[in-house]
Amino acid sequence: RINNQFSLSEYEDNLRIVSTQGDSWRNDTNNTLFIVKNNEILSSIGNLGKEGETIKGVRFFGKTGFVVTFKQTDPLYILDLKDAYNPKEISSLEIPGFSTYFHYINDKNLLSIGRDANDKGQQQALQLQLFDISNLAKPYLKSKLLVGDVYSYSNALYNHKAFTYFNTENLLSIDFVDYQKSFKGFKVFGISDKIELIQ
């Protein structure tokens, strides 16, 4: 099964697909990238993620793919897809929680939204993360901001149209619901070398 529309990408007449096979509750999942052309599998990268992890977020930007799996922690995998017959895993970064949506700011910065998690894999507050991807072989988490708590919610977690980034202003806006504080509205964040809540 595929996670959502971002698990599919057409590039240079090839279709890239990231899918999960199996069930996390039985710890028998296998997450795989396939590159397909004319109903033929040209190549694949299997075993993305640890035992029982499933795909939470995928984005393709040209010849590079970003994949997040999750059960207890969030491995972010960066894939080199320039050779459709020989795709490679460039690097991975393991951090708490998971990302559900990625926004490519430029060739140095990747922004994501998701949820934090504790050491048992239990989901916590919303989290925004800014990754430095200037060196794809050595990505690192530049900034992380927790928003609300485990009861907070944003449609931007699963609907990219609710994630609005204003490139010229370096601002991010998302809808936000905080059930504990009876708040329903929008949050605005400044994105520079770190993520800051503005309003």
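Me: What volume does the largest pocket have?
Reply: The largest pocket has a volume of about 150 Å³. A pocket here is an open set of 1 Å grid points where a 1.4 Å probe fits, with protein on both sides within 12 Å along at least five of seven lines; a lining residue has an atom within 4 Å of a point. The volume is the space filled by probe spheres set on the points.

Me: What kind of model is this?
Reply: This is a predicted model, in which local features need pLDDT of at least 70, side-chain atom pairs count only at pLDDT 80 or more, and totals for chains, interfaces and linings use all residues. Residues are numbered from 1 along each chain as its sequence is written, and side-chain values use heavy atoms, with hydrogens and water left out.

Me: Which residues line the largest pocket?
Reply: The lining includes N3, N4, Q5, F6, I55, K56, T100 and Y101. Two elements, β5 (54-61) and β9 (98-104), each give two or more residues to this lining. These are strands, meaning DSSP runs of E with at least two residues, numbered from the N terminus.

Me: Moving on, how many salt bridges are there in the whole structure?
Reply: A search of the whole structure finds five. A salt bridge is a side-chain nitrogen of Lys or Arg within 4 Å of a carboxyl oxygen of Asp or Glu.

Me: Which residue forms a salt bridge with K144?
Reply: The partner of K144 is D116, and their closest N and O atoms are 3.2 Å apart. K144 belongs to strand β12 (residues 140-147) and D116 to strand β10 (residues 109-117), so this pair ties together parts 28 residues apart in sequence.

Me: D116: buried or exposed?
Reply: D116 is buried, because its relative accessible area is 11%. The cut-offs are under 20% for buried, over 50% for exposed, and partly exposed in between, using a 1.4 Å probe and protein chains only. K144, at 34%, counts as partly exposed.

Me: Which residues do salt bridges that share partners join into one network?
Reply: The network consists of D132, K142 and D193. K142 pairs with D132, the closest N and O atoms being 3.8 Å apart, and with D193 at 3.9 Å. D193 lies in the loop between β16 (183-191) and β17 (195-197) while K142 is in strand β12, so that pair ties together parts 51 residues apart in sequence. D193 is exposed at 57%, whereas D132 is buried at 9%.

Me: Last topic: where is S173 found?
Reply: S173 is in strand β15 (residues 171-178). At 15% relative accessibility, S173 counts as buried.

How values were computed:
Helix = DSSP H or I, 4+ residues; strand = E, 2+ residues; numbered from the N terminus.
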